[in-house]
Amino acid sequence: AASATSATSRRKLKNAIRGIQRLLKNPDLAPEARALQEQKLAELEKTFATAEPQQVKPKEDKYKAIKFFEKRKILRRLERFEKRLTNPELTEEDKEKIAADREKWTLDLQYVRYYPENAKYVSLYPTKGDSEEAQKKRAEMRERVAEIVAKRQEQRAAGVEIPDTESESEDAPQEPSNMADDFFMDPDAEAPTNIKKKYVKLDGSIADKPDSKRVRDTRPFQQH
């Protein structure tokens with residue numbers, strides 16, 4: 001309530017300042033009235049400068065839930081690819097197809113993790129249709145993310161310590177009630193029986209232990 005009141009007060013002050021500024025542009029304004037309005041304007045500007053600024057909530061928080069669930073979906077799919085690759089009966093053709101699929105989902109993971117902060121998030125898996133405009137914007141953001149990832153890899157190769165820019169919390173946000181469960185979960189996925197911490201490298205492979213130089217952007221996820 002205090003924040004709303006503050007925002008309203010600043011808005012009223014700004015409107016009052018603009019009103020006086022418009023009045024002062026009148027060349028026929030009497031000198032006495034002009035002096036009075038200029039004094040009022042100075043006082044209002046001083047009050048406005050010291051008024052509590054409106055707290056702007058970062059856009060990142062707005063998209064925290066959708067990014068969390070999209071990332072969870074991707075991690076589960078990557079884990080499935082890793083399990084399939086351990087099958088000794090796989091042919092070379094099978095392995096190549098799995099590797100290609102894993103590469104696609106790895107790029108999706110990078111998209112979620114390194115999406116530019118404070119930018120409107122374009123979902124990877126929209127539930128209500130996918131407009132041409134959204135597809136175009138998603139393609140643009142993929143290019144931006146690819147540039148970010150390439151730069152980070154160059155810095156790591158040069159031995160530069162890079163902090164984890166991923167802003168999402170370890171705690172799972174509340175699942176939005178208007179989103180179907182099959183959006184986040186694969187239809188054939190089994191219910192998790194245990195929680196095990198693993199690490200996903202930038203190439204999509206999964207490891208039990210982190211490599212301090214190459215695996216820095218990790219989060220635990222459920223293992224089926």
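Mentor: The secondary structure of the chain comes to seven helices and four strands, and in sequence order these follow the pattern α-α-α-α-α-α-α-β-β-β-β. The model is a predicted one. Of the 224 residues in the chain, 34% are buried.

The part to examine is the cluster in which ring pairs link Tyr63, Tyr111, Tyr115 and Tyr121. A search of the whole structure finds six aromatic pairs. One of them joins Tyr63 and Tyr121, with 6.4 Å from centre to centre and 45 degrees between the planes, and is classed as tilted. This pair links distant parts of the chain: Tyr63 belongs to the loop between α3 (59–62) and α4, Tyr121 belongs to the loop between α5 and α6, and the two are 58 residues apart. Buried means under 20% relative accessible area. Tyr63, at 12% relative accessibility, therefore counts as buried, and Tyr121, with a relative accessible area of 7%, is buried as well.

The surroundings of Tyr121 extend beyond the rings. Leaving aside neighbours within four places in sequence, Tyr121 is in contact with Tyr63, Ile66, Lys67, Glu70, Tyr111, Val112 and Tyr115.

The cluster can next be placed in its nonpolar setting. The largest nonpolar core has 22 residues, of which Ile74, Tyr111, Tyr115, Tyr121 and Leu124 touch the most other members. Two or more residues of this core come from each of α4 (64–84), α5 (92–113) and α6 (132–157). A second, separate core has eight residues, including Ile17, Ile20, Leu29 and Ala51.

Helix α5 deserves attention next. Its 22 residues should span 32 Å at 1.5 Å a residue, and the end C-alpha atoms are 31 Å apart, which agrees. The buried residues of α5 are Ile98, Arg102, Trp105, Thr106, Asp108, Leu109, Gln110, Tyr111, Val112 and Arg113. Arg80 and Ile98 are 18 residues apart in sequence, and their C-alpha atoms are 9.9 Å apart in space. With 25% relative accessibility, Arg80 counts as partly exposed.

The charged end of Lys73 sits over the ring of Tyr125, at 5.8 Å from the ring centre. Elsewhere, Arg10 lies over the face of Phe48, 4.4 Å from the centre of the ring.

Within α2, Gln37, Leu41 and Leu44 are buried. Viewed down the axis of α2, its buried residues fall within an arc of 70 degrees, so they line one face of the helix. Pro31, Glu32, Lys46, Ala49 and Thr50 are exposed on the other side of α2.

To return to the cluster, Tyr63, Tyr111, Tyr115 and Tyr121 are linked by ring pairs, and Tyr111, Tyr115 and Tyr121 are among the residues that touch the most other members of the largest nonpolar core.

Notes
Residues are numbered from 1 along each chain as its sequence is written. This is a predicted model: local features need pLDDT of at least 70, side-chain atom pairs count only at pLDDT 80 or more; totals for chains, interfaces and linings use all residues. Side-chain values use heavy atoms; hydrogens and water are left out. A nonpolar core is a set of buried Ala, Val, Leu, Ile, Met, Phe, Trp, Tyr and Cys residues joined through side-chain atoms within 4.5 Å. Buried means under 20% relative accessible area, exposed over 50%, partly exposed in between (1.4 Å probe, protein chains only). Contact means heavy atoms within 4.5 Å. The arc is that of the directions from the helix axis to the C-beta atoms. Rings of Phe, Tyr and Trp (its six-membered ring) pair if their centres lie within 6.5 Å; planes under 30 degrees apart count as stacked, over 60 as edge-to-face and the rest as tilted. A charge sits over a ring if NZ of Lys or CZ of Arg is within 6 Å of the ring centre and within 35 degrees of the ring normal. The expected span of a helix is 1.5 Å times one less than its number of residues.
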